[in-house]
Amino acid sequence: MEIAFWILAVISVASALAVVFLRNIFRAALFLVLCFFTIAGIYVVLHADFLAAAQVLIYVGAIAVLIIFAIMLTRETPRGSPSGRFRLIAFLVGATFLVAMILVVTGTDWQVITEAPTEPTTSPLAQALFSREEGFVLPFEIAAALLLAAVIGAIALVREK
Amino acid sequence: MNVYLLSPAISLCGLAIVVILLDLFLKRKWILGAVSVAGLIVPAAFTLALWGREETSFNGMLAVDEFSLFFNLFFLVCAALVILASMDYVSKFRAFQGEYYALVLLAATGMMLMASTRELISVYVALELTGISLYALTGFLKDPKSSEASLKYLLLGAVASAVLLYGMAMVFGLSGSTHFKDIAAAIPGDVMGNPALLMGMVLLVAGFGFKIATVPFQMWVPDVYEGAPTPITAYLSVASKAAGFAVILRVFYEALGPVSLDWGMMFGVLAAITMTLGNVVAIAQTNIKRMLGYSSIAQAGYLMIGLAAVSALGRSGLVFFLIAYAFTNLGAFIAIIAISNKTNSDLISDYSGMAKRAPLLALALGLCLISLIGIPPTAGFMAKIYIFNAAVDHDLMWLVIVAVVNTAISAYYYLRVVRVMFLGAPLSEEAVPSSGALRAALSVACIGVLLLGVYPWALLKIAETAVSMFP
């Protein structure tokens, strides 16, 4: 399991870096798909089976296709994204954040759960979302309003005046 | 699970849907605005009916207490004034008038929920509900400036959300819960011995800082304020900022209460940087919406003094400042909307001699600008006295000195507008007419500014009770 995690982790970080550094935006999008896939793999390693399936369905399936469609429908893709003037600053900020994060994650005593992970996770997830005693019903309902706002906003912005 | 406790938010969301449905059938579109304003009475009535209760629902995720009920009313009043101020503006749209009002109402729903949830996931979703509605509203004009503003707001908002989620993940990883009271029980009281808590706290401050426009997430403000429809700029600068402060008060006092001295210090430093940056850059602005954008960054700095002074006085000072700032800034923006409806310009130089063309509007704008400086007899004066007092009480003399110096700097650019309006030569002789809705909204704001400046005690009492339940 540990070996699987490290392989997936290395591939996901490498593909994420490729997304940032590649000039050709189409290739960057393909690497983004790879990154999504490896994240799904990491979920599998963590025994989060439902989350892994959702990751593949939504991110690899829907969102990646949308991104690639958007790129194909936009002209001048081979020229890629213009180079930013703030490359060096962005790199410095990113590197500082990375170092800080590594220090934080390695320097903290995290709680470690000793009990075995539940499998399959689908019905515990449903319990966590909808049960009367401890369910996350409120954020679920707010998300419904959020989707309504997003749909209205998208229609109002996309259609001609 | 008591759904009745959620009734203000549910009825407000329902009102948004009603407005959209009416938009399908109605020919006379001005009715939409009227329905939106009049319909706000329903959530307000539910809020008042709940007044005095102190309960939680949805498994402790939704809190109904004086704090959330107060902010419910606050956002409803803001939404009402913004809709009144929008009616002229929106009547120029050929389509999507219903959608405009619906999004304003949905954003208000999100803000209400931001102030009343006590659980991180709900806070985040409510924040996004507000955010998405406001991104769309910012781009509503669909001209290049408005679209650019919307895109900038969306991109930076997404970055801020990512930062916020990172911080929430840290706190969750440390405490094992997303409920505020469980987090408060689980986190250690010593930040320095726990880098993850420190990092989580810094990231939360930065993430929420986007909403209240503080350093380092203040750079979206001038462009977005300039490009957005002016009523939405007013909405952003008042309601969205207040929602950010409400959520900060709740998260930091309820969940991170054990380490309050550490984050108090952090807010103190941020306050000093933010107000200085806002005021210094505001001096050079020639566009009044950009100037008020930088001014709102500076005001966020003053407001954060209330967070830096971790005490009951600091909290109530912050809430009172929010009320005063809301009336003042809404008043200023409504006057600007009325003037730019006629002149189609936001340049300060075009306000020359406005006192002769529109004496009442110029007077109202002048009053609001004076209140933004903090000169008596206005609301801004009382608010500043109160919040500075809290800081002195908390041994933050250095912060008060920075704030007073900043106030002096700010007088320069606020008074410049007043001088241009009252002493400049008019660019034309044409009078500037304004509609009844605008005048009504402007009078409410100006009466608020004056009343709070002369007789603040009633609202001070409300501000004190609103924050009294925090430890």
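This is a predicted model: local features need pLDDT of at least 70, side-chain atom pairs count only at pLDDT 80 or more; totals for chains, interfaces and linings use all residues.

Helix 4 of chain B bends by about 25° at B:Leu84. Is helix 4 of chain B mostly covered or mostly uncovered? Mostly covered: 22 of its 25 residues are buried.

Next comes the nonpolar core. The largest one has 209 residues. Those with the most contacts inside this core are B:Cys78, B:Ala79, B:Val104 and B:Ile334. Helix 14 of chain B, residues 312-343, gives the largest share of the core, 20 residues.

Leaving aside its neighbours within four places in sequence, B:Val104 is in contact with B:Ala79, B:Val82, B:Ile83, B:Leu137 and B:Tyr235.

Now turn to chain A. What elements does chain A have? There are six helices and zero strands, and along the sequence they follow the pattern α-α-α-α-α-α. The radius of gyration of chain A is 20 Å, well over the 15 Å that the globule rule gives for 161 residues, so chain A is more spread out than a compact globule. Taken along the principal axes, the C-alpha atoms of chain A fill a box of roughly 50 × 45 × 25 Å. Of the 161 residues in chain A, 14% count as buried. Among contacts in chain A between residues at least 6 apart in sequence, 53% join residues at least 24 apart.

The last step is the place where the chains meet. Here 27 residues of chain A are in contact with 36 residues of chain B. On the side of chain A that touches chain B, the elements that give two or more residues are helix 4 (87-107) and helix 6 (137-158) of chain A. Which of the elements gives the largest share of that side? Helix 6 of chain A does, with 14 residues. By class, the side of chain A that touches chain B has 18 nonpolar, five polar and four charged residues.

Methods
Residues are numbered from 1 along each chain as its sequence is written. Chains are lettered from A and ligands numbered from 1 in the order in which they are written. A nonpolar core is a set of buried Ala, Val, Leu, Ile, Met, Phe, Trp, Tyr and Cys residues joined through C-beta atoms within 7 Å. A residue is buried if 20 or more other C-beta atoms lie within 10 Å of its own, exposed if 12 or fewer, and partly exposed in between; C-beta atoms are placed from the backbone. Helices (H or I, at least four residues) and strands (E, at least two) are DSSP runs, numbered from the N terminus. Two residues are in contact if their C-beta atoms, placed from the backbone, lie within 7 Å. Ala, Val, Leu, Ile, Met, Phe, Trp, Tyr, Cys and Pro count as nonpolar, Asp, Glu, Lys and Arg as charged, and the others, Gly among them, as polar. The radius of gyration is taken over C-alpha atoms; the globule rule is 2.2 Å times the number of residues to the power 0.38. The bend at a residue is the angle between axes fitted to the seven residues ending there and the seven starting there.
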